[in-house]
Amino acid sequence: MARFIVRRILYSFVTLFILSATIFLIVRLTGDPVALMAEASARPEDLERIRHQWGLDRSWPVQYVTFMQNALQGELGKSFNYRLPVSQLYFQRLPNSLTLGLAATLISLLIGIPAGIISAVKVNTAWDNVAKGIALLGLSIPGFWLGLVLILIFSVWLRWLPTSGAGDWRHVVMPAVALGWYFAASMLRLTRSSMLEVLGSEYIKLARLKGLPDFVVIAMHAFKNALIPVFTLAGVNMVVMVNAAVIIEVIFAWPGIGRLLYEGIFQRDFPLVQGVVIMAGFMIIAINLVVDILYAFIDPRIRLAR
Amino acid sequence: MRFPRLVSRGFVPWVAVALILTAVVATLMPGSAPVSAAAKGKIVLAWHAGFASRWLDPQEHDGTATPDNFFTAIHDALIKNQGTQLYDHLALAEKFTMAPDSKTATFTLRKGTKFHNGDPVTPQDVKFSYENYRGAKADVFKRRTERVDIVDGSTVRFVFKEPFLDFPFLFGTANVAGAAWIVPEKYYKQVGADAFKQKPIGAGPYKLVNHEPGVKVEMEAFDGYYRPVNVKQLVMVSVPEAATRVAMLERGEADIVYFVPGELISKVGKLPGVTLAPVLSGSFFVEFPGFQDPKNPFHDKRVREAVSLAIDRKAMNQAETTGLGKVTGNWINPDVQYAIEWPEFPRNVDKAKQLLREAGYPNGFDIEWLTPLPTFYSRGERLVAQLREVGIRARMQTMERGIFLQRLQGGLKEFPGVQIILHGARIGGSWSFWYEGHFKCGGFNSRDRICVKDLDGKFDQYERSINPAERKKLAEEIQRGILENYYLVPVFRHAFVNAIGPRVALQKWQDVFPTITTGYAYPWEDLKVKDQ
């Protein structure tokens, strides 16, 4: 088991290293950030001065080594745009993003799981068709459109909810619905297929043969086993929602990490984009690591097979 | 009316003494200007982009027409653009004189002005702010300034190496440079430049209460300001999505929203109690990169004129700003020194075709790319369609803003062959900043894409001249030369359409947007909420 864990941790470090190198390169391929940091009428010598000030005049390998050295000490650089350490900016926004991510995850679970179960249990019925319709709509309606429609209905027409910004629970409702809607659809589809697979398995047939009531078969036997992949996906989805809810956060002027990333991309704020992507990657890798280790604990075949 | 008992008990003299004492104490108390007592209410401004923290520090003015929205609330300058004054509104200075030889500029500080931390604004702060300034045009100020003298407790003199006629324009225009904006030396040095951007202290009408980087700036009326500040709380919130800004206005969450895009203008105009504020902003004009090359079709003046004749400026203005912009004859905004008035250019498709025939292009010709200023792509599309009518066939190239700026800085090699650029610019102060930026050979933006030696020669003469009459004459000659030869072809003046909600007191939108040199709602201290 120990060897398994060490190996997984090593894989995680390698993944993180590849991610850091990739994002480091990709942001630099977008062009020179100095063009956006200086006035439009800046002279070449001014541009050079700014480049030097931010260390952009050094070669890419040197910049990368410096970046990694700082990152290993927990420092992700200083934002060009905000003149603040990226980690400080990130953790300032993190509570808002966690709030939104948790709320959206909850909505996606509350819609996706029950609808997925009903769809699987009532397969090929009108219930199933309705659920499939919901899934289709969820996956095909763009989040920005849904967000604007929600604002129009619930803020402008009904005046129930504030249009934007962060504050009390009322501010969270619309962005969480707009964000969670898409993930609810994917959750629904996964729950449905997972349930269908479990419902067709031998032990479920045995349970039915034993005369257990349908409710008990579904709730106690099928549902529990079908949930494993669903919760795995929910964890990863939540990390994505916390770190990359770019469009929803822009539409609702939600002060979260997604909007920070959006601003970083538009301003070519290299340290900011690198920092946010690496933090998101770190979270996903950490969650996967924990899940892998838990799986290995639960199912010895996994650790033995590897 | 009778007051026998009161009089008999000596009440009136006591009241008189109390009133006099109260008046004396109130006068002597710091920050007892009439401001705080009157300031009430709250105004929320929905800003149309992200916030950059550097915009809170005038020492690092980035030269764009953006930071002044924030400076003008938190900070103050010796002189500034305000209302219809282009550069010389007296602010922290109560007196300002340029020497007749333009070799010195002397400012007398207004008495009793303070920073938000209570420290007085001193000549030493002025000297520090100028000498430490490292933003846009800093090199020009440094190159041309010999020293800054503190004459006495309230007077500062800038001594130049040579006559510096443009000094007041560069110095006093908030959307050009930030050297006139005074920061408290002690605090700035104590916290450092980066921390200052997070918690700036200025001498402006509003003091910072809360700053969430990139999200929100909350301010409160500064009761030590030398002018009355009417509204108690001023909040600026970043709301990048236009539809959300409009919804905020509709719901009363915002009182002023900036930048209502064309497709939302008519809807916003119909909202009850909402006033549209179509502030005339930047000018859009056509540039022909490398037209000086004889092989370039645009080398021929007739072809450039044909382009001008092909443009339907009124239709463009109507479609892009619902007619709230303005078709003007000059590519330089009229709100700068020495800008000339010029008649509107006509549209005449037949004449355009005829000119093309005469120039040897009976079937028109192809253009590699037409590149509009990001993000005004629809304007580029309209221009492409209008040019096609006369036989000039162009493909449109869209660029992300950073790429566009980078390629402009790369010069002609970035725009090879036959190309057109649809530019837009808003530059304050003087006509010469426009020329220097967008026309001069080797200029900041024009680089080597435009080179007209005789006009550049005149411009050099203009820069050397210390005779205002001669400078004015040269400025007019040069502008005429550009327009008569269609070196740059003006299109229209863009309207930066804002909207004002029902809580803001106004008779007309100009009461909220009185400053002609900006699209923003300053001076902030003059804003009022209803019932004030």
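Biologist: How many bridges join β13(B) to β14(B)?
Modeller: This is a predicted model. β13 covers residues 365-372 of chain B, and β14 covers residues 392-396. The two strands run parallel. The number of bridges joining them is four.

Biologist: Which helix makes a β-α-β unit with β13(B) and β14(B)?
Modeller: The unit is right-handed. Its helix spans residues 377-389 of chain B. That helix is α15.

Biologist: Which residue of β15(B) is the bridge partner of Leu370(B)?
Modeller: β15 (residues 419-425) of chain B pairs with β13(B) in the parallel sense, over four bridges. In β14(B), Leu370(B) has Met396(B) as its bridge partner. In β15(B), the partner is Ile420(B).

Biologist: Which helix gives the most to the side of chain A that touches chain B?
Modeller: On chain A, 32 residues are in contact with 36 of chain B. α2, α7, α11 and α12 of chain A each supply at least two residues to that side. The top contributor gives four residues. It is α7(A).

Biologist: How many residues of that side of chain A are nonpolar?
Modeller: Seven are polar and seven are charged. The nonpolar ones number 18.

Definitions and conventions
Residues are numbered from 1 along each chain as its sequence is written. Chains are lettered from A and ligands numbered from 1 in the order in which they are written. This is a predicted model: local features need pLDDT of at least 70, side-chain atom pairs count only at pLDDT 80 or more; totals for chains, interfaces and linings use all residues. Two residues are in contact if their C-beta atoms, placed from the backbone, lie within 7 Å. Ala, Val, Leu, Ile, Met, Phe, Trp, Tyr, Cys and Pro count as nonpolar, Asp, Glu, Lys and Arg as charged, and the others, Gly among them, as polar. Two strands pair if DSSP finds at least two bridges between them. A crossover is right-handed if, with the strands pointing away from the viewer, the path from the first strand over the helix to the second runs clockwise.
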